[in-house]
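Please consult the sequence and the three-dimensional view alongside the text.

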Amino acid sequence: MSKKGNKLIKIPSGVSVSALNGVATVKGQLGELTVKYPVNVIDITNEGDTIKVSRANDEKLAKSMHGTVQSNLSNAVTGVSKGFTKTLKITGVGYRAALSGNNLTLSIGFSHPIVFAIPAGIKTVVNNQTEIVISGYNKETVGEFAANIRAIRKPEPYKGKGIAYSDEHIIRKVGKTAEGAKK
């Protein structure tokens, strides 16, 4: 049995969930999300203020999709009620970010600025040019946008320069001269 798949999903007030023909629709105050699932394999039942995801049979596909559908549905419920946030920190001399209209402009050591178009449903805030806060109701979109920004200049291990998540711990290395001085 799937431990993740057997967990009940609590529906907060102001959120409605309906499952019909392989598509679960979740509506809340922040937006609307849909979760697709295989109809003949997974059953979604609404039990008052909770949702239960169960398997229709014990085939391999049903076992593999049970936890996945439950997790995606749980993320959709959380997203439309609370939302998701990722925070990126920019470290480096002269490295900075700025918002201009619907674009995020990064100056991070290249000969030209990097411009990102902010996707629909994403709210981006730049605090003091070195902190980017990305928020939205779709966990996948928020995470993908944050990962694309971070991939431009990942933090390097010697000085820590680059773009990192705020909760990320960068393992620092000792340089050659400091290591050579010990011998």
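Contact means heavy atoms within 4.5 Å of each other. The model is predicted, with local features requiring pLDDT of at least 70, side-chain atom pairs pLDDT 80 or more, and totals for chains, interfaces and linings using all residues. Residues are numbered from 1 along each chain as its sequence is written, and side-chain values use heavy atoms, without hydrogens and water.

Beyond its neighbours within four places in sequence, isoleucine 51 contacts Leu8, Ile9, Ile11, Val17, Ile44, Thr45, Asn46, Leu73 and Val77. Ile51 is also among the residues that touch the most other members of the largest nonpolar core, which has 20 residues. Such a core joins buried (under 20% relative accessible area, 1.4 Å probe, protein chains only) Ala, Val, Leu, Ile, Met, Phe, Trp, Tyr and Cys residues through side-chain atoms within 4.5 Å. Helix 1 supplies the largest share of this core, six residues. A second, separate core of 18 residues includes Ile90 and Val142.

The lining of the largest pocket includes Leu33, Asn72 and Tyr137. The following elements each give two or more residues to that lining; helices (H or I, at least four residues) and strands (E, at least two) are DSSP runs, numbered from the N terminus.

| Element | Residue range |
|---|---|
| Strand 4 | 32-36 |
| Helix 1 | 60-81 |
| Helix 2 | 139-152 |

Strand 4 contributes the largest share of the lining, four residues.

Elsewhere, isoleucine 170 lies in the loop between strand 13 (162-165) and helix 3 (176-181). The C-alpha atoms of isoleucine 170 and lysine 159 are 9.9 Å apart, at a sequence separation of 11 residues.

Definitions and conventions
On a 1 Å grid over the protein atoms alone, a cavity is a set of points where a 1.4 Å probe fits but cannot get out, and a pocket is an open set with protein on both sides within 12 Å along at least five of seven lines; lining residues have an atom within 4 Å of a point. Buried means under 20% relative accessible area, exposed over 50%, partly exposed in between (1.4 Å probe, protein chains only).
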